[in-house]
Amino acid sequence: MRTAFINQLIQEARKDKNIFLIVGDLGYSVVEPFAEEFPDRFLNAGVAEQNMTGIAAGLALEGYTVFTYSIGNFPTLRCMEQIRYDVCYHNLNVKIVAVGGGYAYGPLGASHHATEELGMLRTIPNLTVCAPGDPVETVAITSLITKHKGPCYLRLGKAGEPTIHKSRIEIEFGKMVPVINGKETAILSMGGTLKYSYDYVINNKLPWGLYSFPFIKPIALDGLKIIADDYEKIITIEEHQKSGGFGSAVLEGFNELEESKKILKCPRIKRIAIPDIFVSVAGSQDYLRKKVGIVI
């Protein structure tokens, strides 16, 4: 996903001279093509992510579309106050990009696990929260948010995530992406769990549906209505804490639809997510996913 992101950002920067990229002393072997082509619109802020966010806010006030880029929880949890006050309070055109969502940096321990940031960030006003499921969604969302005026958060994988969608897709804010049409049960996936979900349905020859939700905020209410009309049971899956994340956003969305009488009743919902624990051992992303029960 990170390669798809930087390649698309380069394409966008060739068309828009106001796109600026700031990194937090990482991205080597990924961001160099951008830095070489646009040296005047690239800055390595060093291991100082809070300063990086403040610089981004200042550049946005000068008319730039600014992307900050760092590992998982460093441009997010470490910068929560700067994101809230410097960026979102002023509704600035800053895009926060975290590479390695979930347990992607599993061998480096809990300090590098990005497993709570969605729940925190989606509560901040003005902030759009995105988590594409594969490189095709990443390209579409990168293009979309470069044109959007306002703060966005983009959660990316770093594990060489395979392509699920067979061709380019059009994405709109707050829209779901159908992957497999089915019956009875629908899996709703976001971010890096899409490949696992796809393989689970195909390999087990299940008649279920599969839908990718690249937007956690705004959640796809029209998509949830379609799913409620077509399916009796819903399974949400995410590489994030069970509290406050994607599954919570889906529950809130169904509740809103039911309260406004847009659906007659809410489907039965099972949430697959990280239980209320820290993982205190090091291991690969797949190992840690199995350890907390996200995958089998």
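Let's start at Cys88, which is buried, with a relative accessible area of 1% (buried means under 20%, exposed over 50% and partly exposed in between, with a 1.4 Å probe and protein chains only). Before going on, note that this is a predicted model, in which local features need pLDDT of at least 70 and side-chain atom pairs count only at pLDDT 80 or more, while totals for chains, interfaces and linings use all residues. Residues are numbered from 1 along each chain as its sequence is written, and side-chain values use heavy atoms, with hydrogens and water left out.

Cys88 sits in helix H4 (helices are DSSP runs of H or I with at least four residues, strands are runs of E with at least two, and both are numbered from the N terminus). Setting aside neighbours within four places in sequence, Cys88 touches Ile83, Ile124, Pro125, Asn126, Leu127 and Pro151; contact here is heavy atoms within 4.5 Å. Ala57 is 31 residues away from Cys88 along the chain, yet their C-alpha atoms are separated by 9.4 Å.

Now take the whole of H4, residues 80-88, where Met80, Gln82, Ile83, Val87 and Cys88 are buried. They cover an arc of only 155° around the axis, which puts them on the same side of H4 (the arc is that of the directions from the helix axis to the C-beta atoms). As background, an α-helix has 3.6 residues a turn, so residues three or four places apart point the same way. The buried residues of H4 pack against helix H3 (49-61), strand E4 (94-99) and helix H5 (117-121).

Six of its six residues are buried, so E4 is largely enclosed by the rest of the structure. Val94, Ile96 and Ala98 are buried on one side, and Lys95, Val97 and Val99 on the other. What flanks E4? Strand E3 (residues 65-71) pairs with E4 in the parallel sense over six bridges, with Ser70 partnered by Ala98; two strands count as paired if DSSP finds at least two bridges between them. Strand E6 (residues 152-156) is also parallel to E4, over five bridges, and here Val99 is partnered by Leu156. Together, E3, H4 and E4 make a right-handed β-α-β unit: with the strands pointing away from the viewer, the path from the first strand over the helix to the second runs clockwise.

Elsewhere there is an open sheet of five strands, in the order E7-E9-E8-E11-E12, with mixed pairing. E7 (177-180) and E12 stand at the edges with a single partner strand each, so one side of each is left without a neighbour in the sheet. E7 runs antiparallel to E9 (residues 209-212), joined by three bridges, and Pro178 finds its bridge partner in Tyr211.

Helix H10 (residues 285-292) has Gln285, Leu288, Arg289 and Val292 as its buried residues. Seen down the axis of H10, these fall within an arc of 105°, so they line one face of the helix. Their cover includes strand E11 (231-241) and strand E12 (268-274). Just after H10, Gly293 takes a positive phi of about 90°.

Finally, the packing: the largest nonpolar core has 44 residues, with Leu188, Phe213 and Ile227 making the most contacts inside it. Such a core is a set of buried Ala, Val, Leu, Ile, Met, Phe, Trp, Tyr and Cys residues joined through side-chain atoms within 4.5 Å. Beyond its neighbours within four places in sequence, Phe213 contacts residues including Ala131, Met176, Leu188 and Phe246.
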